[in-house]
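Biologist: I want to learn how to read charge pairs and helix packing in a model. Please walk me through them.

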Amino acid sequence: MICVILRRDAEGALTECSVKGHAGFAPNGKDIVCAAVTTLVKTSFASLNDSACSVSPVTFTAFGDGEFGFSTKQNAASKARLIYAGDFLQKGFELLQKDFPQYLELRIKITNKPAEA
């Protein structure tokens with residue numbers, strides 16, 4: 001099973017997205033659940049890390065096989081974009097979890113203070 005943890009601040013801004021595990025839906029290279037999770041995370045990271053974006057810094061980390069994610073730091077210009085990124089990822093993972101509940105677990109963790117750069 002894949003466990004996804006989204007960390008958001010009290011205002012909803014995304015501070016971290018971490019992924020651990022393998023879905024086990026199909027063999028490696030053919031697993032649509034793993035592919036969907038990877039696509040959501042890597043596309044969100046790339047969008048936030050785009051040079052035209054005001055989010056700074058965004059750090060991607062691969063911890064090992066089946067473990068990866070990214071973290072963000074908020075500044076005044078990035079707040080709205082990080083809120084949208086959190087909403088986007090949360091909705092995407094909720095839809096995947098609804099369709100594949102035995103292969104994906106989503107945890108949302110809210111901190112009490114906003115992320116600061």
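Biologist: How many salt bridges does the structure hold?

Modeller: Some ground rules first. The model is predicted: local features need pLDDT of at least 70, side-chain atom pairs count only at pLDDT 80 or more, and totals for chains, interfaces and linings use all residues. Residues are numbered from 1 along each chain as its sequence is written, and side-chain values use heavy atoms, with hydrogens and water left out. Now the general idea: side chains of opposite charge can pair when their charged atoms come close. A salt bridge is a side-chain nitrogen of Lys or Arg within 4 Å of a carboxyl oxygen of Asp or Glu. The structure holds four.

Biologist: Which residue meets Arg-8 in a salt bridge?

Modeller: Asp-87, at 2.6 Å, N to O. Arg-8 lies in strand E1 (residues 2-8) and Asp-87 in helix H2, so the pair ties together parts 79 residues apart in sequence. Helices (H or I, at least four residues) and strands (E, at least two) are DSSP runs, numbered from the N terminus.

Biologist: Is Arg-8 buried or exposed?

Modeller: Buried means under 20% relative accessible area, exposed over 50%, partly exposed in between (1.4 Å probe, protein chains only). Arg-8 has 6%, so Arg-8 counts as buried. Asp-87, at 40%, is partly exposed.

Biologist: Which residue forms a salt bridge with Glu-11?

Modeller: Lys-79, with the closest N and O atoms 3.2 Å apart. Glu-11 sits in the loop between E1 and strand E2 (14-20), and Lys-79 in helix H2, 68 residues apart.
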